[in-house]
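Student: I have a structure open here and would like to talk through its packing and its surface with you. Could we start with the aromatic rings?

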Amino acid sequence: MLMLGFAGFLGLLKLLVMALAAFGLFDAAFRREDAFRAADKQNKVFWLIILGLALVVGVLFSILSFLPVIGVIASIVYIVDVRPALKQVSGGRGGWGRRRGSSSDGPYGPYNGGR
């Protein structure tokens, strides 16, 4: 009975690890490349590879092995350090939740036609 509960706990923990890596991968995929450079973080391709590997390792290996721990650390670093810096550079919103402006908006606000 105890082993069944422990196995269930490890299964939930494995799902959490995979969800963390999948969220980071999904978020990084929809961020702009220039935001990574402006935030002075590694480039987008680097984070996509690292978070993709973290997701694959989370799926393939047991949660008790060493590699998923490295994947969790990489996912946490992205979510806690890189993501807030990207949100700050991008104006607080991600690339997929961004509010679209009017076609008459200029770089400093709406263009009113010289009025």
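Tutor: Rings of Phe, Tyr and Trp (for Trp, its six-membered ring) are taken as a pair if their centres lie within 6.5 Å, and planes under 30 degrees apart count as stacked, over 60 as edge-to-face and the rest as tilted. Please keep in mind that this is a predicted model, in which local features need pLDDT of at least 70 and side-chain atom pairs count only at pLDDT 80 or more, while totals for chains, interfaces and linings use all residues. Residues are numbered from 1 along each chain as its sequence is written, and side-chain values use heavy atoms, with hydrogens and water left out.

Student: OK, how many aromatic pairs does a search of the whole structure find?

Tutor: The search finds three aromatic pairs. In one of them, the ring centres of Phe46 and Trp47 are 5.4 Å apart with the planes at 85°, so this pair is edge-to-face.

Student: And what about Trp47 and Tyr78, how are those rings arranged?

Tutor: Their centres are 5.6 Å apart and their planes stand at 55°, so the pair of Trp47 and Tyr78 is tilted. Because Trp47 lies in helix 3 (residues 44-60) and Tyr78 in helix 4 (residues 66-89), the pair ties together parts that are 31 residues apart in sequence; helices here are DSSP runs of H or I with at least four residues, strands are runs of E with at least two, and both are numbered from the N terminus. Phe46, Trp47 and Tyr78 form one aromatic cluster.

Student: Which of those count as buried or exposed?

Tutor: Buried means under 20% relative accessible area, exposed over 50%, and partly exposed in between, with a 1.4 Å probe and protein chains only. Tyr78 is buried at 0% and Trp47 is buried at 7%, whereas Phe46, at 34%, is partly exposed.

Student: Which residues make up the largest nonpolar core?

Tutor: A nonpolar core is a set of buried Ala, Val, Leu, Ile, Met, Phe, Trp, Tyr and Cys residues joined through side-chain atoms within 4.5 Å. The largest one has 10 residues, namely Ala28, Ala35, Phe36, Ala39, Trp47, Leu51, Tyr78, Val82, Ala85 and Leu86. Two or more of these residues come from each of helix 2 (33-38), helix 3 and helix 4, and helix 4 gives the most, with four residues.

Student: What does Val82 touch?

Tutor: Leaving out residues up to four places away in sequence, Val82 touches Phe36, Lys41, Trp47 and Val77, where contact means heavy atoms within 4.5 Å.

Student: Switching topic, where is Asp40, and what is its phi?

Tutor: Asp40 lies in the loop between helix 2 and helix 3, and its phi is positive, about 60°, although Asp40 is not a glycine. Most residues other than glycine have a negative phi. Asp40 is also exposed, with a relative accessible area of 69%.
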